[in-house]
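Subject: Structure for your attention

Dear colleague,

Please find the structure below, handed over for your study. I would ask you to keep it open while reading the notes that come after it.

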Amino acid sequence: MTRKEVTDLIKQKAAVIGFTKAGVTSSEPFDSAADQFEAWVTSGAHGVMKWMERDHNKRRDVRNILPEAKSILSLALNYYSASDVKDGRDLKISRYAWGTDYHEIIPPMLRKLLAEIKLLAPESEGRYYTDTGPLLEKPIAARAGIGWQGKHTNIITREVGSWVFLAEIILNIELEPDPPAEDMCGTCTRCLDACPTDALKPYEIDATRCISYLTIELKPEHKIPDEFASKMENWLYGCDICQDVCPWNRFAEPTIIAEFAPREENLHLTKDAIAQMDQGEFSRRFQKAPVKRTKLAGLKRNAKLSS
């Protein structure tokens with residue numbers, strides 16, 4: 001088979017397994033993106049996320065992960081679910097966290113896809129990741145044609161908008177690369193204008209001002225700074241404001257992954273309900289869900305700032 005034929009078959013296998021999009025780029029270094037990332041970290045905009053200070057050489061060049069790497073297969077998985085939550089008393093959870101944690105869902109899909117690739121190309125070896133290793137996932141996705149990195153810094157796809165998880169398989173075989181995605185944000189600034197904490201500049205985020213960072217990455221023992229306390233807009237875990245206002249998300253379609261569907265009891269949480277919640281209920285409600293990351297103490301801290 002030709003390189004293109006193998007690439008096309010791999011993409012077909014990815015679609016059968018359930019991935020929404022698949023694209024390919026080379027293993028050439030990401031020097032420009034790495035320079036920007038390192039400058040961003042040096043500025044302190046990453047806050048307490050200390051893991052971002054490590055392994056810059058691997059982010060810059062995936063051959064520092066897999067020395068014989070020749071291609072990177074970039075994958076996107078749609079997680080969008082609709083909701084009609086309208087009760088003003090309800091505390092809000094980011095859409096990605098409504099159901100089962102993607103770290104429970106995507107790795108088995110990647111293992112299956114890598115096994116399929118090895119059947120197509122027995123000489124192939126690979127390493128796979130989904131937000132679990134030192135990769136510049138968004139620049140990889142953009143260079144592989146999955147989508148462009150929008151002004152809110154999330155990857156936006158033409159097909160389903162920005163409600164996608166990203167994953168990668170670094171491979172030691174030559175695949176046919178896709179053209180990079182074209183930036184289609186134009187003059188739109190809706191995401192920048194909508195952010196209540198001014199965390200966004202065009203194509204840049206100050207994580208320390210982001211509601212998602214404040215409600216998730218700040219450990220329970222850390223106080224959310226007073227300057228943001230009145231700007232949380234009832235977000236209990238994460239924040240979707242910049243994505244909710246993005247015009248490209250009018251193309252959103254329901255995910256085919258049943259496990260990402262919302263757990264209805266968690267869509268109608270109130271301040272009083274969180275205050276009364278004990279560890280047993282917390283563990284039951286959020287078993288294998290992203291919300292478990294913030295722990296019960298963090299959830300209670302976040303809820304106290306709601307109106």
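The notes below concern aromatic rings and the charged groups placed over them.

This is a predicted model, in which local features need pLDDT of at least 70 and side-chain atom pairs count only at pLDDT 80 or more, while totals for chains, interfaces and linings use all residues. Residues are numbered from 1 along each chain as its sequence is written, and side-chain values use heavy atoms, with hydrogens and water left out.

Rings of Phe, Tyr and Trp (its six-membered ring) pair if their centres lie within 6.5 Å; planes under 30 degrees apart count as stacked, over 60 as edge-to-face and the rest as tilted. A search of the whole structure finds 12 aromatic pairs. The pair of Y96 and Y102 is edge-to-face, because the ring centres are 6.4 Å apart and the planes stand at 65 degrees. The rings of W248 and F251 form a tilted pair, with centres 5.7 Å apart and planes at 50 degrees.

Buried means under 20% relative accessible area, exposed over 50%, and partly exposed in between (1.4 Å probe, protein chains only). Y96 is buried at 18%, and Y102 is buried at 10%. W248 is buried at 15%, whereas F251 is partly exposed at 32%.

Ring pairs also link a cluster, with Y96, Y102 and W163 among its members. The charged end of R95 sits over the ring of W163, 4.5 Å from its centre (NZ of Lys or CZ of Arg within 6 Å of the ring centre and within 35 degrees of the ring normal). Likewise, the charged end of R143 sits over the ring of F30, at 3.7 Å from the ring centre.

Yours sincerely
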